[in-house]
Amino acid sequence: MSVSVKIKDLEKSYDKVDALKNLNLEIRPNELFGFIGPDGSGKTTLFRILTTLILADKGTIKVGNYDVVKNYKEIRKITGYMPGRFSLYMDLTVEENLLFYARIFNVNIRDNLHLIDDIYSHISPFKNRRAGALSGGMKQKLALSCALIHKPDLLVLDEPTTGVDAVSRKEFWELLKKMQERGITILVSTPYMDEAALCDRVALMQTGRLMSVDKPQNIVDNFPENILNVKVRKMHPVLNDLLGFEGAERVYRFGDAIHLATRRDAGEMKERIYHYLAEKGYQEITISPLEPVIEDCFLALMENPDK
Amino acid sequence: MRTVLYILQKEFIQIFRDKSILPIIFLIPFIQLVVLSYTATFEIKNVRFILVDHDHSSESRKLADKFSGSAFFTEVGKTDSYRQAIQAIQKDKADQIIIIEPDFEKNLVNEKRAKIQVVTNAINGSAASLMNAYALSLISDFNKEIMVKQFPMHFKEMPIKLNSSFWYNPELNYVTYMVPGILVLLVTIIGMFLSSMNIVKEKEKGTNEQLNVTPIRKLEFIAGKLIPFWIIAMIDLLIGLLLARFWFGIMIIGNPFLLLFVAGIYLVLVLGLGLFISTLTNTMQQAMFISWFFLVIFILMSGLFTPIESMPMWAQKLDAINPLAYFIKINRMIMLKGSGFVDIQKDFLILTAYAVGMIIFSTMRYRKTT
C-alpha cells in the first residue's frame with residue numbers, strides 16, 4: 001500500500017534558531033523523493049519529526065491518513081527509518097541485528113526475507129560477522145535491510161550515502177529503485193547534488209526552507225543561464241582571475257574544471273574569456289559550452305534564494 | 001510480552017559478549033568480599049612504640065617487657081632521649097612513645113606511686129584512641145600485679161565484677177559485621193551503575209534512534225533493559241552469600257529466602273534509581289559520574305562503616321531516603337540476628353513503597369520522543 005506524505009505549515013526551532021520555517025510539501029504515493037541541502041539545512045529535523053522522534057512546534061505531517069503526533073503508534077508500524085548515523089548494534093552480528101528488528105516488529109523473518117533479498121544477499125555471506133566489523137557500504141546495506149524487514153509503506157533514509165564510496169553509492173541507489181517498484185514511498189536526503197537526478201522529484205533545502213521543489217529534469221530545463229566549462233594547463237590561479245569577469249553570474253570550481261554561468265550569449269562570452277586568458281599567459285585553454293546539470297541549478301538557487 | 005523476551009535475549013548476548021564488563025560482574029563478589037572484609041577493619045594489630053626508659057630498673061624492664069610481649073605492640077626503638085623519640089613519630093617510624101620517669105622503681109617502693117607518660121600520634125583519631133586504650137589496659141594489668149605483690153594480704157577482688165557478653169557477634173569479629181554490608185554494596189553497584197550505563201549507552205551510540213521508530217512500547221523497553229541486571233545482581237548476591245557461608249564461616253542465622261526476597265525488592269528500587277539517572281544524562285560519562293555522586297553519599301551515610309546512631313540528627317533524618325541504609329540494616333538483622341519478617345516489617349514496607357514509587361517515577365520520566 002503506497003502512502004502519501006502531507007507536510008503543512010511545519011515549524012521547529014531549537015533555542016530560537018529556526019531549524020524549519022513554514023514548510024509545506026506534498027509527497028505522492030510511491031514517489032522517490034529527495035531532499036538536497038547542505039549540513040544544517042533542516043533535513044534531519046524534518047525526518048525526525050516525520051518519524052515521531054521529535055515534536056514540531058507548529059504544523060502537521062500526515063502519512064496516509066495518520067497524523068505523526070496523534071497516530072504515532074501506527075506511523076511507527078508502517079515506517080522504516082534509517083538514521084544518518086549508523087544505529088544498529090555493533091556488538092551483535094549481522095544476522096542477530098536483522099533477527100532482532102524482525103522480532104520487535106513482530107514479523108517472521110522467513111516470510112519476509114524475500115522482500116529484502118536484493119539487499120541482504122550482498123551481506124549474507126558475512127551474517128556471522130559483528131556489525132561493527134563491516135565496511136561503510138555493508139553497514140548501510142544492513143541498516144537498510146533492518147529498516148525494510150517489516151515491509152514498511154514509507155521508507156525514510158537520512159543521508160544514507162554519506163561516507164560511502166562511489167561504487168557503493170551507485171549500488172545503493174539501484175536498490176532504492178527496486179524498493180520503489182514494490183510500492184514503497186521513499187524519502188531520502190543527501191548532501192550530494194549529483195544524486196538528485198536519480199529522484200522522481202527533489203526539494204532543495206537551505207536554512208530550514210524549501211527553495212524549489214520539482215522534477216530534476218524540469219529544474220535543469222528551466223535554468224535560464226548558460227554554462228561554460230573552462231580548462232587550462234595551470235588551473236590553480238584561474239578561478240581568481242575569472243572572478244568578477246564581466247557578464248559572469250557565477251564562477252566556481254566544478255570537478256577538475258571551472259564553471260562560469262552567464263545570461264549572455266555563450267559564443268560571445270567564450271571568445272572574450274579566451275582572449276582574456278590568453279593575454280594573461282594561460283596555455284592549453286579549452287572553453288566549451290555545457291548543458292547545465294542539477295548542481296549548476298542548485299548553486300544558482302543557493303546563491304540567490306529569491307529567484 | 002514476547003517483545004520483552006526479545007530485548008532480554010539481545011541484552012544477554014551483548015552482556016556476555018562484553019569482554020571487559022563480563023569478568024568484572026562475576027569477580028566483584030569475590031574481590032569485594034575478600035578484600036574489603038579483611039581490610040576494612042578498625043583493629044590495630046601492630047602498634048609501633050619507642051621506649052624511653054629513664055630508670056633502667058628491674059621494675060621498668062618488667063613494664064617494658066609487658067609491651068614488647070604483647071601481640072599488639074612492636075618495639076621499634078629504645079632511647080634515653082625524648083627528642084629522638086619525638087623525631088621518630090614525626091618521621092612516621094613510630095606510633096607511640098612510652099616514657100618511664102627516672103627513679104620509677106624507687107618511687108614505686110618508697111612513695112607507692114610512680115609516673116608513666118604515653119604519647120600517641122593522633123592524626124587518625126579513632127586509631128589513636130584504640131592505641132591509647134591498648135596501652136592503658138597493659139598498664140592497668142601491670143598495676144594489678146604490683147598491688148598483688150606489694151599488698152598480698154589486702155588485695156581483694158573489686159567489689160563489682162564486670163562480666164561482658166556480646167550478642168550476635170560474640171567474638172566482636174569485624175568481618176562478621178562487614179560482610180552483610182558489603183553484600184548490599186555489591187548488588188547496588190550492579191543495579192545502579194550497569195543499568196544506568198546500559199540505557200544511556202543506547203543514547204550515546206545512537207542505537208535508540210532506529211529502535212524508537214519501532215512499535216516497542218516504553219514499558220517493554222524498560223523491562224527488557226532492567227530485568228537482566230536484576231537477574232545478574234541476584235546471582236551475584238547468591239555467590240556472595242555462599243562465600244560468606246563457606247569462606248568466612250558466617251552462618252546466616254535468619255531465613256536466607258527472606259533475605260533474597262528483600263534483596264529482590266531492594267533491587268527494584270536501585271534499578272529505578274539507575275533508570276532515573278539515565279533520564280538525566282546523555283552520555284555514559286555523565287551517568288557514571290552521577291551514579292558515583294549518589295553512591296558515595298549513600299555509602300558514607302549508610303551505616304556500613306560508622307553507626308547511623310552516632311551521626312548528627314539531620315544526617316539521621318536524611319537517611320530516610322538512603323536505600324542502602326534500609327537494606328544494610330535489614331541484611332544485618334536477618335544474617336546476624338536471625339530476625340524474621342515481623343522484626344523487619346517496618347523497614348521492609350518503607351523500602352517496598354520507595355521501590356514502587358521510584359520505578360513508577362523514573363518510568364514516567366523516560367521518553368521515547370523528545
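**Exercise 1. The contact between the chains**

How many residues does the contact take from chain A and from chain B?

Solution. The model is a predicted one. Step 1: chain A contributes 22 residues to the contact and chain B contributes 17 residues. Step 3: the most is given by α3(A), with four residues.

**Exercise 2. N212(B)**

Determine whether N212(B) is buried or exposed, and list what N212(B) touches.

Solution. Step 1: N212(B) belongs to helix α8 of chain B, residues 207-212. Step 2: a residue is buried if 20 or more other C-beta atoms lie within 10 Å of its own. Step 3: N212(B) has 23 C-beta neighbours inside 10 Å, so N212(B) counts as buried. Step 4: leaving out residues up to four places away in sequence, N212(B) touches L53(A) and K368(B). Step 5: K368(B) is 156 residues from N212(B) along the chain, yet their C-alpha atoms are separated by 6.1 Å.

**Exercise 3. A four-stranded sheet in chain A**

Work out the strand order of the open sheet, say which strands stand at its edges, and place the helices that lie across it.

Solution. Step 1: the order in chain A is β12-β13-β11-β14, with antiparallel pairing among the four strands. Step 2: β12 (248-254) and β14 (286-290) of chain A each have a single partner strand, so they stand at the edges and one side of each lacks a neighbour in the sheet. Step 3: from one strand to the next the twist averages 25 degrees. Step 4: β11 of chain A (residues 226-231) pairs with β14(A) in the antiparallel sense over five bridges, and V230(A) stands opposite I287(A) in β14(A). Step 5: helix α10 of chain A (residues 266-279) lies across β11, β13 (257-262) and β14, at about 25 degrees to β11(A). Step 6: helix α11 of chain A (residues 294-303) lies across β11, β12 and β13, at about 125 degrees to β12(A).

Notes. Residues numbered from 1 in each chain as written. Chains lettered and ligands numbered in written order. Predicted model: local features only at pLDDT ≥ 70, side-chain atom pairs only at ≥ 80, totals over all residues. Helix = DSSP H or I, 4+ residues; strand = E, 2+ residues; numbered from the N terminus. Buried ≥ 20, exposed ≤ 12 C-beta atoms within 10 Å, placed from the backbone. Contact = placed C-beta atoms within 7 Å. Pairing = 2+ DSSP bridges. Axes fitted to C-alpha atoms, helices over the stretch in contact; angles between N-to-C directions.
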